Structures are given as structure tokens and as C-alpha cells.
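Biologist: I'd like to learn how to read a pocket and the sheet around it. Can you walk me through one case?

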Amino acid sequence: MNEDLTLRPVAGRGEYPKLVEIWASAVDATHDFLADKDREQIRGKLASDYFPQVRLTVAERGGEPVGFCGTAEGNVEMLFVQAQSRGTGVGAALLRHAVAHQGAAAVDVNEQNPQALGFYEHQGFDVVSRSERDGQGLPYPLLHLRLRAS
């Protein structure tokens, strides 16, 4: 499945609009709990506020970006795969890269996103704590996960 998948650093700010499209596709497929106004507020801050704060890795197939992961200080801050590429190994490849090459050992997951929780647990992460609100103070509980010790 992944023979044609390549991972690379983001090509720069010019690539941000494509990553926002991937984010929107992924959120539409997995974040039905997110209020429209909150979704749009986050979308509006991705390129200006969030992307510059993380180390972005892009997954592509056939020269087209299909997913991305952003890490900072040992945390996976964002990992999104376009809807039509979900379940094809893109997320797993991005996560393995983040762990092996960027020292990622923790991730926060929206409690209302059981698919993401299952994905990270399958990849070796365990829930260690919970917060009532997300990082922006919105009422979307977060589960805090850490990589299982080997």
C-alpha cells in the first residue's frame, strides 16, 4: 500500500493552502462534533498561527500531498490525512516518522473522535490523562496520550 508514498518536509508557506485543504477534508470526515464557527476559526488560523509553530512533514503519492503531520517539543500537534486516503497507511507512516525521526512521544486526541483514539492506541499510545477543554479553551475534551514504553 505504501510503496508509492513519500514523506518530505513542507516545501514552505506556498504549500500551506494545500495543507489547509487536506485538513478540511480530514475534519469533515472525522470531526462531526466540531461546531461550524469553531471549525472555521481553526481553519483561519492554520496557515498564519499553527503551521509556523510546528515541524511539518508532508506525505505524498504521485507527487500530490495526501496528508501531513506537525510536531513540536516531542508532541504530535497535528496529523491529518485527506478523506479519500484514510485507511491506506498514510497516517501510520507519518506517525512512525514523527516518532522515529522527530522524537514524538505524546499526542492529544479529541475525546469525541474515537477513530483517532483507536488509531493511536493501535500505534502504541496509551491514554494518560484527560482535559475538559481543548488547547483554545473550547468545550472539546482532550485525551492526552503517551507512547507506550517498549
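Modeller: By class, the largest pocket is lined by 23 nonpolar, 14 polar and 4 charged residues. Here Ala, Val, Leu, Ile, Met, Phe, Trp, Tyr, Cys and Pro count as nonpolar, Asp, Glu, Lys and Arg as charged, and the others, Gly among them, as polar. This is a predicted model, where local features need pLDDT of at least 70 and side-chain atom pairs pLDDT 80 or more, while totals for chains, interfaces and linings use all residues. Residues are numbered from 1 along each chain as its sequence is written, and side-chain values use heavy atoms, with hydrogens and water left out.

Biologist: How much space lies in the largest pocket, and which residues are closest to its centre?

Modeller: First, the idea: on a 1 Å grid over the protein atoms alone, a pocket is an open set of points where a 1.4 Å probe fits, with protein on both sides within 12 Å along at least five of seven lines; lining residues have an atom within 4 Å of a point. Points are joined across faces, edges and corners, and the volume is the space filled by probe spheres set on them. Here that gives about 1200 Å³. Of the 41 lining residues, H31, E77, M78, L79 and F80 are the closest to the centre.

Biologist: Which element gives the largest share of the lining?

Modeller: Elements are DSSP runs numbered from the N terminus: helices are H or I with at least four residues, strands E with at least two. The largest share, 7 residues, comes from β4.

Biologist: Is β4 mostly covered or mostly open?

Modeller: Buried means under 20% relative accessible area with a 1.4 Å probe, protein chains only (exposed is over 50%, partly exposed in between). β4 is mostly covered, with 5 of its 7 residues buried. In the loop between β4 (75–81) and α3 (90–102) you find Q82, which is buried too, at 11%.

Biologist: And how do I read the pairing of strands?

Modeller: Strands of a sheet pair through backbone hydrogen bonds, either parallel or antiparallel. Two strands count as paired if DSSP finds at least two bridges between them. Here 7 strands form an open sheet with mixed pairing, in the order β1-β2-β3-β4-β5-β7-β6. β1 (5–9) and β6 (125–131) are the edge strands, each pairing on one side only.

Biologist: How do β3 and β5 pair with β4?

Modeller: β3 and β4 run antiparallel, joined by 6 bridges, and G70 stands opposite M78. β4 and β5 pair in the parallel sense over 2 bridges, where V76 has V107 as its bridge partner.
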